[in-house]
Amino acid sequence: MNVKFAGLDIGGKNFTVIAGPCAVENEDQMLQASNAVKAAGAHVLRAGLYKLRTRPDAFQGLGRDGFPIVKLAKQKCGLPFLTEITSASQVEALADIADFIMVGTRNMYNYDLLKELGRARVPVVLKRGMSAKVEEWINAAEYIARGGNDKIILCERGIRTFETATRNTLDLAGALWVKQRSALPVIVDPSHGTGIPALIPGMAAATLAAGLDGVMVEVHPMPSAALSDGSQALTTEQFADMMEKLKRLGEVCNRPVHAPGGHL
Ligand code: PEP
Ligand code: MN
């Protein structure tokens, strides 16, 4: 079932691009990132306010302190905004500033959180758990759908395997398997899926060519200074270059990548 929201038709003919920094860090960083991704043709701005980090001493996100920065960035660039939820207690506050709420890989099995989002009416991007089988991922989406929320987008973000050359093993075949068996739109996050900027444009192109519905990528105005996931972030120039290639590929595949004014 397509997710029609904020002028977008995700799962429809158009290919959707969600882009932005891993985390909201400060006003300058957010304004630079949001302007750049908008100018390059992204449809949705992403950035984390609540970060679930592997190490407790790592940057945990600005939380509420980041809300005014997000509001300003949204207002200036005009894009809908996606951010991660890490606790059911955040649903109301996040639904107020976010157009899409993301359930990250660490919370795919948090069924209480999924049920709470089922009662909400905000579109949910549900990432695949890093060790989840595709059937478990589909079942997790069903927890949200049973509550009456039918605005669900699945996002493949790589799984844990024996391979360590890439940060995760991007399971494009699993994503396509789900797309062929589920009515839900399926997008791919090649940033977390590979952890390597040089691999991201190619995996994004493969996502489009395979007939999946979109990508989510991390973009930072200065990756070397990023407070989280800098090593996998595309620069704004690399992102613009990737978008040009995706637009050309989209023409060949009849999946328009950038329709001025949105999809609808
Ligand atoms: C993210 O997209 O910012 C994120 C935390 O991703 P994941 O849950 O896939 O690690
Ligand atoms: Mn990240």
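**View 1. Residue classes in the shell around ligand 1.** In this predicted model, the shell around ligand 1 holds seven charged residues, three polar ones and one nonpolar one. The surrounding residues are Arg46, Lys51, Glu84, Met102, Gly104, Thr105, Arg106, Lys127, Arg157, His192 and Glu218.

**View 2. Polar contacts to oxygen atoms of ligand 1.** Arg157 places a polar side-chain atom 2.6 Å from an oxygen atom of the ligand. Lys127 also uses its side chain: an N or O atom there is 2.8 Å from an oxygen atom of ligand 1. Thr105 contributes through its backbone, with an N or O atom 2.8 Å from a ligand oxygen atom. On its own, ligand 1 has 290 Å² of accessible area, and the protein covers 96% of that.

**View 3. Protein donors of the manganese ion (ligand 2).** Four protein atoms are shown: SG of Cys22, NE2 of His192, OE of Glu218 and OD of Asp229. They lie 2.0 to 2.4 Å from the manganese ion. His192 and Glu218 also belong to the surroundings of ligand 1.

**View 4. The manganese donors along the chain.** The donor spacing reads C-x169-H-x25-E-x10-D. Distant parts of the chain are linked by the pair Cys22 and Glu218, 196 residues apart. Cys22 sits in the loop between strand 3 (16-20) and helix 1 (27-40). Glu218 is in strand 10 (residues 214-218).

Conventions
Residues are numbered from 1 along each chain as its sequence is written. Chains are lettered from A and ligands numbered from 1 in the order in which they are written. This is a predicted model: local features need pLDDT of at least 70, side-chain atom pairs count only at pLDDT 80 or more; totals for chains, interfaces and linings use all residues. Side-chain values use heavy atoms; hydrogens and water are left out. A residue is near a molecule or strand if one of its heavy atoms lies within 4 Å of it. A polar contact is a pair of N or O atoms within 3.5 Å; within protein, one must be able to donate a hydrogen and the other to accept it, and residues adjacent in sequence count only if both atoms are side-chain atoms. Accessible areas come from the Shrake-Rupley method with a 1.4 Å probe; for residues, only the protein chains shown count as cover. Ala, Val, Leu, Ile, Met, Phe, Trp, Tyr, Cys and Pro count as nonpolar, Asp, Glu, Lys and Arg as charged, and the others, Gly among them, as polar. Donors are N, O and S atoms within 2.8 Å of the metal (3.2 Å for Na, K and Ca); water is not among the atoms, so sites may look incomplete. Helices (H or I, at least four residues) and strands (E, at least two) are DSSP runs, numbered from the N terminus.
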